[in-house]
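Please keep the structure open beside the text and find each residue as it is named.

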Amino acid sequence: METKIKNNERLQKKEARELARRERQLQARSGRYYMVYLFMVLSLIYIVDEIASTISIQFQSNIINEFFVQNMGMEYGEGLSLSSALGFITYPVTLLIVFYRPLADRFGRKPFLVINTFMMGMGLFFVYLSDNIYIYMIGGTLMGFMVSHDMQCVYILECSSEKNRARNYALIKAVAILGTLLIPLLRETFMQNKSERWHLVYLVPAILGFTLSLVALLFAKETNTFLVNRVKYLKTPPEEREKQSEEEKNSNAQGGIVNAVKFAFKHRQLRFLMLACCFYYSASLATATYNTVMKESAHMTEEDITMALYLYPVGNALMTFLSGLISDRFGRKVTIIAMSCLAVISYSLFIAGAMLGFAPLLVGFAIGGFMGSYWGAGDTIGGIMFSESSPTNLRSSVTVINTLLNGVIGGLATIVTIVVLPLIPKETFGYLYLGLTVPGLVGAIFIIWKFIGETKGLDLKKVTGMEWDRVKEN
């Protein structure tokens, strides 16, 4: 009993110090142009995130040919299957996300914005140094782990008004996607379109990641949404927290994957969002294999691929920004349906253009349009709607569920291709990915339209997650 009293006193002193610090942060006045500056920094960080997310996809054929075809003497299809299988080795590391990401609901958004950006740069730097598959996997795993957190997205959503939240998110992401024009530029300059020099392209974005992590550390502030919620929690006496009902405790829990999962399964909106994600992410393989389709299936040269990658960001950014405009004007559900349909159309044009020898610029624009459409809808489901359907104290933790579903469902789809790819001609890879894309998108559209409530215009400071439960009861 005496030990419990001492622990309570220690906790109260600790929380009192934190409360004073958080109130000072909340009361600190921002400069007149702080939000403009913040969004500029977030845009640059998002560029690093987009590059780290896509660069290994855009060099997939180079990576497979060096580490598996040349070094191990495999056929390309066998190498691609083995590469996919080796990816499962990194899953235990990826699962650490269930412990890492919820920490942002307890300690704030800023520390993890800084850490994630720095470690993305570190992953890019490891790949730059890699001369064997093991170093490459360390760098790739580090990048994959960090880009899955998207702390810059949480910043954008929590620092934007209800009316312009999706537009700001889409605009900043579109700018970030245009920033990936750095990749084809570096292919022409550093790499000089020579396959064996692909490592060099990773160096510049690595340096950019290191630099921006320092800028964020020195100048970015904690989000007001987090501070308001945290101050409210710290001002609640411990005895009152104990008296809360089980539902109130779950709603007020300060992060944690267990609390997030319990909360998600208890509320109708989040349950159906998880189910929609399962269908949606079954179509994700097409987003990670377009370089292989261009080089191995359509036999495009390195010069043609570089040319295609110049218009890839343009098509991607255009569809990304379009999704934000539709979302704030017509709602999240209409956005998901419209962008999913555009994704199927764009990927079909990409396959047709690549296989029939259309101009590389058109091929690049088509696959960019697919990526922007697919992730425009995917970010609306797993990023915006998950966030808008969760209370602030669990928002970062709940979005971990979306990331885990992406990994699990994408992994199951990968198992299918590991078995199938060595058995079919390289020229048919694109058709296989298209066949896996359509059913998943159709299933997700049905669930979104039929069972999930609209979240457009909600005040993130007031969301409890129970709004749609009450609608159902009434």
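This is a predicted model: local features need pLDDT of at least 70, side-chain atom pairs count only at pLDDT 80 or more; totals for chains, interfaces and linings use all residues.

1. A second pair, between Phe272 and Phe451, is stacked, with 4.7 Å from centre to centre and 5° between the planes. This pair also links distant parts of the chain, for Phe272 sits in helix H18 and Phe451 in helix H24, 179 residues apart. Is Phe451 buried or partly exposed? With a relative accessible area of 26%, Phe451 counts as partly exposed.

2. Helix H8 (residues 110-129) packs with helix H10 (residues 151-158) at an angle of about 145°, and their axes are 9 Å apart. On the H8 side the contact is made by Lys110, Phe112, Leu113 and Asn116, and on the H10 side by Met151, Gln152 and Tyr155. Sorted by class, this contact has four nonpolar, two polar and one charged residues.

3. Phe112, which lies in helix H8, deserves a look of its own. Phe112 is buried, with a relative accessible area of 7%, and, when neighbours within four places in sequence are left aside, it is in contact with Tyr100, Leu103, Ala104, Phe107 and Met151. For contrast, consider Leu80, which is 32 residues from Phe112 in sequence and 33 Å from it in space, taken from C-alpha to C-alpha.

4. The largest nonpolar core has 117 residues, and those that touch the most other members are Phe59, Trp198, Tyr202, Tyr347, Phe350 and Tyr433. Helix H2 (residues 34-58) gives the most to this core, contributing 13 residues. As for Trp198, its contacts beyond four places in sequence are Phe59, Asn62, Ile63, Glu66, Phe67, Val127, Ser130, Tyr136 and Met191. Tyr347 and Phe350 also take part in one aromatic cluster, together with Tyr280, Tyr281, Phe370, Tyr374 and Trp375.

5. How many of the eight residues of helix H19 (residues 290-297) are buried? Eight of the eight are, so this helix is largely enclosed by the rest of the structure. Among these buried residues are Lys295 and Glu296, as well as Val293 and Met294. After H19 comes His299, which has a positive phi, near 60°.

6. Helix H24 (residues 429-451) has 23 residues and reaches 34 Å from its first C-alpha to its last, which is close to the 33 Å expected at 1.5 Å a residue. The buried residues of H24 include Phe429, Tyr433, Leu441 and Ile448. The helices against which the buried residues of H24 pack are H4 (76-87), H18 (268-281), H19, H21 (332-355), H22 (360-388) and H23 (395-420).

7. Helix H11 (residues 165-179), with 15 residues, reaches 21 Å from its first C-alpha to its last, close to the 21 Å expected at 1.5 Å a residue. Its buried residues include Arg165, Asn168 and Lys173 as well as Ala170 and Ile172, and the buried residues of H11 pack against H2, H10, H20 (302-330), H21 and H22.

Technical notes: Residues are numbered from 1 along each chain as its sequence is written. Side-chain values use heavy atoms; hydrogens and water are left out. Axes are lines fitted to C-alpha atoms, for helices over the stretch in contact, and angles run from 0 to 180 degrees between N-to-C directions. Helices (H or I, at least four residues) and strands (E, at least two) are DSSP runs, numbered from the N terminus. Contact means heavy atoms within 4.5 Å. Ala, Val, Leu, Ile, Met, Phe, Trp, Tyr, Cys and Pro count as nonpolar, Asp, Glu, Lys and Arg as charged, and the others, Gly among them, as polar. A nonpolar core is a set of buried Ala, Val, Leu, Ile, Met, Phe, Trp, Tyr and Cys residues joined through side-chain atoms within 4.5 Å. Buried means under 20% relative accessible area, exposed over 50%, partly exposed in between (1.4 Å probe, protein chains only). The expected span of a helix is 1.5 Å times one less than its number of residues. Rings of Phe, Tyr and Trp (its six-membered ring) pair if their centres lie within 6.5 Å; planes under 30 degrees apart count as stacked, over 60 as edge-to-face and the rest as tilted.
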